[in-house]
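The sequence and the model come first, and the discussion follows.

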Amino acid sequence: MAHLWQGVINEYRDRLPVTDSTPVVTMGEGGTPLIQARALSELTGNQVWVKFEGMNPTGSFKDRGMTMAITRAKEEGAKAVVCASTGNTSASAAAYAKQAGMRCAVLVPEGKISMGKMAQAVAHGADIIQIDGNFDNCLDVARKLSDSYPVFLVNSVNPYRIEGQKTAAFEVVDALGDAPDYHILPVGNAGNITGYWKGYTEYSRPYVNAVGEELPAVATKTPVMWGFQAAGAAPLVAGHPIDQPETIATAIRIGNPASWDSAIGARDESGGLIESVTDEQIIEAQRFLSSRDGVFVEPGSAAGVAGLIKKYREGAAPTGAKIVITVTGHGLKDPQWAVKGAELEDPTAAEPKRVDFDVVSVAAALGLD
Ligand code: AN7
């Protein structure tokens, strides 16, 4: 039977806070590929898949929560939305707001959002305000703005965002037939780890939904959750907020995660961990994934892969386990670092060989005989 993927709200509406009259704002988000990572599996001795969230309409996992948040804003009659962002939330909010016919204001930290993400906010006609401060300062202002003015906050402090994001866990279970043994992901503002844990938990026990129906459990277990922050922006590892977070992975350059407590809850309830990886480990993991497994993600998105490789090298990774790693955003968001990562392996990697236009010269340049 033909089936066009309907977006996460329609696909999972019996487990989301919507009714038949909810005006669903969707761009077909979700349904992203769960890709077998052959090289990563071989390296670590596990069965590793990456959930490639770069395949969402705006190129990151944020679209799952945004369809829910913008739908809710529309239901409440909002005319304008606001968010603080390291880049992906703003790209997603801007696109979904326009799809809903709303105005979108985005507050971004000075000079620290990647060119691709800024281009998206510009393309979608968002009102872009650059704040003289970091992401945490932007979020503070966005919250205050939505408290005092007629704008609807669509950051993940909005619980509808988490509701949408939990659908990624449903998709993993639906694809594998049960929860994996481990789920690994990058952690910044900690909305995503909160969403996954909520999704896995709800899918592992009978669930009474918004209209009072009891749905049966779909999974027999929940995974161990491993979260990784960038070393210069690792408040959950330090145990206190970081005033001046620093990392090349600008997506996760966050010093005081809004979903702090629920991230710690996901870690502890699942028997997992939240640790950090260095910028060098992030770049190496991004390079490994793109050049060995064919999946191109932005630096922040590679933090989970970097974490697994780090734990493997420490002798602290499992073997023979089913592991899913969420890779949160597309590599084209921030291509500069992909080129740098390649050049670290080979300084001439980004310089094509120049040859005359004849087949013998091309074959010689390729080392064919
Ligand atoms: C690619 O866009 O916070 O732990 O403002 O863009 O749920 O915050 C982005 C975060 C991981 C961290 N990977 O997820 C924003 C923003 C990518 C990201 C994260 C982000 P959370």
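## Annotated sites and salt bridges

The structure is a predicted model. In it, Asn-192 has a relative accessibility of 6% and therefore counts as buried. Asn-192 is part of helix α9, which covers residues 191-203. Leaving out residues up to four places away in sequence, Asn-192 touches Phe-61, Gln-165, Leu-185, Thr-326 and Thr-328. With one of these, Gln-165, there is a polar contact between side chains at 3.5 Å.

**The binding-site residues**

Asn-192 belongs to a set that an unreviewed UniProt entry lists under "binding site": Asn-88, Gly-188, Asn-189, Ala-190, Gly-191, Asn-192 and Thr-328. These residues span 241 residues in sequence, but no two of their C-alpha atoms are more than 14.0 Å apart, so they gather at one spot. The lining of the largest cavity includes Asn-88, Gly-188, Asn-189, Ala-190, Gly-191, Asn-192 and Thr-328.

Thr-328 sits in the loop that runs between β12 (322-327) and α14 (335-345). Is Thr-328 buried or exposed? At 9% relative accessibility, Thr-328 counts as buried, because the cut-off for that class is under 20%. Its contacts, not counting residues up to four places away in sequence, are Glu-53, Gly-54, Gly-59, Ser-60, Phe-61, Pro-186, Asn-192 and Ser-301. The side chain of Thr-328 also makes a polar contact with the side chain of Ser-301, at 2.8 Å.

The loop between β12 and α14 also holds Asp-334. Asp-334 is buried and has no salt bridge; Lys-117, the nearest side chain of opposite charge, is 5.6 Å away. A salt bridge needs a nitrogen to oxygen distance within 4 Å. Asp-334 touches Ser-114, Thr-250, Glu-298 and Pro-299, again not counting residues up to four places away in sequence.

The unreviewed UniProt entry gives Lys-62 as "modified residue: N6-(pyridoxal phosphate)lysine". Lys-62 lies in helix α3, residues 62-75. With a relative accessibility of 17%, Lys-62 counts as buried. Apart from neighbours within four places in sequence, Lys-62 is in contact with Asn-88, Thr-89, Ser-92 and Arg-161.

**Salt bridges**

Side chains of opposite charge can pair when their charged atoms come close. How many salt bridges does a search of the whole structure find? The search finds 21 salt bridges.

| Residue | Partner | Closest N and O atoms |
|---|---|---|
| Glu-42 | Arg-38 | 3.8 Å |
| Lys-166 | Glu-202 | 2.8 Å |
| Lys-221 | Asp-181 | 2.7 Å |

Glu-42 and Arg-38 are both in helix α2 (residues 38-44); being 4 residues apart, they are separated by about one helical turn. Glu-42 counts as exposed, at 59% relative accessibility. Between Glu-42 and Thr-328 there are 286 residues of sequence separation, and their C-alpha atoms are 22 Å apart in space.

The salt bridge of Lys-166 with Glu-202 links distant parts of the chain: Lys-166 is in the loop between α7 (159-165) and α8 (167-176), and Glu-202 is in helix α9, 36 residues apart. Lys-166 is buried, with a relative accessible area of 0%. Glu-202 also counts as buried, at 11% relative accessibility.

Lys-221 pairs with Asp-181 in a salt bridge. Lys-221 is in the loop between β9 (214-215) and β10 (224-230), and Asp-181 is in the loop between α8 and β7 (182-186), so this pair ties together parts 40 residues apart in sequence. Lys-221 counts as partly exposed at 31% relative accessibility, and Asp-181 counts as partly exposed at 28%.

A network of salt bridges links Lys-51, Glu-53, Arg-64 and Glu-171. One of these residues, Glu-53, is also touched by Thr-328.

Key:
Residues numbered from 1 in each chain as written. Predicted model: local features only at pLDDT ≥ 70, side-chain atom pairs only at ≥ 80, totals over all residues. Heavy atoms only, no water. UniProt positions renumbered as here; feature names shortened; annotations may be inferred. 1 Å grid on protein atoms, 1.4 Å probe; cavity = no way out; pocket = protein on both sides within 12 Å on 5 of 7 lines; lining within 4 Å. Helix = DSSP H or I, 4+ residues; strand = E, 2+ residues; numbered from the N terminus. Buried < 20%, exposed > 50% of the residue type's maximum accessible area, 1.4 Å probe, protein only. Contact = heavy atoms within 4.5 Å. Polar contact = N/O pair within 3.5 Å; in protein donor to acceptor, adjacent residues only side chain to side chain. Lys, Arg positive; Asp, Glu negative; His and termini not counted.
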